[in-house]
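User: I would like a close look at one part of this model, with the terms spelled out.

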Amino acid sequence: MGGVTGSILCTREAAVATVTLANPGKRNALDLAMWRTLAAVVSELSGDEQVRCVVLRGDGEQAFAAGGDIDEFLSQRDTLERAMAYHEQAGAALQAVFDCRHPTIALVQGACIGGGLEIAAQCDLRICGESARFGAPINKLGFSMYPVEMASLLRLAGPATVLEILLEGRILGSGEALSKGLVTRVVTDSEVVPEAYASARRICEGAPLVARWHKQWVRRLQHDRPLGEQELRASFAFLDSDDYREGLSAFLEKRQPQFSGR
């Protein structure tokens, strides 16, 4: 699925879905059709009860994604109306990743730049190799980051790091990205793929409803307003779940739990 040059690939292995950003010859830069397809694919996966984790990655080892496809900007983003439409679509794709009910992992190899960094920032975890690079040097291209797209970076790394990235246009190595909160974990390049899927398997071993609740509550608690009585009561919804009963039984019986997602 996708546009003329780029595509969004989706594969499944057991409960883990892999979404691959693929644009050969352009370091997986996203064209408009790819943004559109990414939104549709991730939204569909979000509604799939058989999925328990989604891994997002780039095609090959050279790049997660090197941003938007600059070649399209002269035709797809050359007027205010077209620019608004273009970034509305990019924003919809980013929102789809953020809204995904299942845990998401960005498996980052090589360049994670511009739009690629924005996608990774929407994921729950970001696992990268030592040679991975991060940044958004769009100040050298003469345009500013769309505010809706900037929000994910701001939420992830805070204003000081976002301003450093955008004002300097500097590319950060994996160690600096880790220290500034842009990534979750750095491993050797040879270990990044197995580690990302090991992380996905660990997630899948847990109760899927609990994973969704944890995502929900982490995001809710970032809002600067106290929890209401109904919200506090809702936090005990697990009491009525089959998975809660299974988890307790498995613990007491000293066996591995078999969660059903109910």
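Which side chains does a polar contact of 2.6 Å join?

Analyst: The polar contact of 2.6 Å joins the side chains of Glu-149 and His-87. A polar contact here is a pair of N or O atoms within 3.5 Å; within protein, one must be able to donate a hydrogen and the other to accept it, and residues adjacent in sequence count only if both atoms are side-chain atoms. The model is predicted, so local features need pLDDT of at least 70 and side-chain atom pairs count only at pLDDT 80 or more, while totals for chains, interfaces and linings use all residues. Residues are numbered from 1 along each chain as its sequence is written, and side-chain values use heavy atoms, with hydrogens and water left out.

Glu-149 lies in helix H5 (residues 147-168); helices (H or I, at least four residues) and strands (E, at least two) are DSSP runs, numbered from the N terminus. With a relative accessible area of 5%, Glu-149 is buried (buried means under 20%, exposed over 50%, partly exposed in between, with a 1.4 Å probe and protein chains only).

Another acidic residue, Glu-61, is exposed, at a relative accessible area of 60%. Glu-61 sits in the loop between strand E3 (53-58) and strand E4 (63-65).

Burial also marks helix H4 (residues 115-122): eight of its eight residues are buried, so H4 is largely enclosed by the rest of the structure. Among the buried residues of H4 are Leu-117, Glu-118 and Gln-122.

In the loop between E2 and H1, Asn-28 is buried as well, with a relative accessible area of 3%. Asn-28 has a positive phi of about 60° although it is not a glycine.
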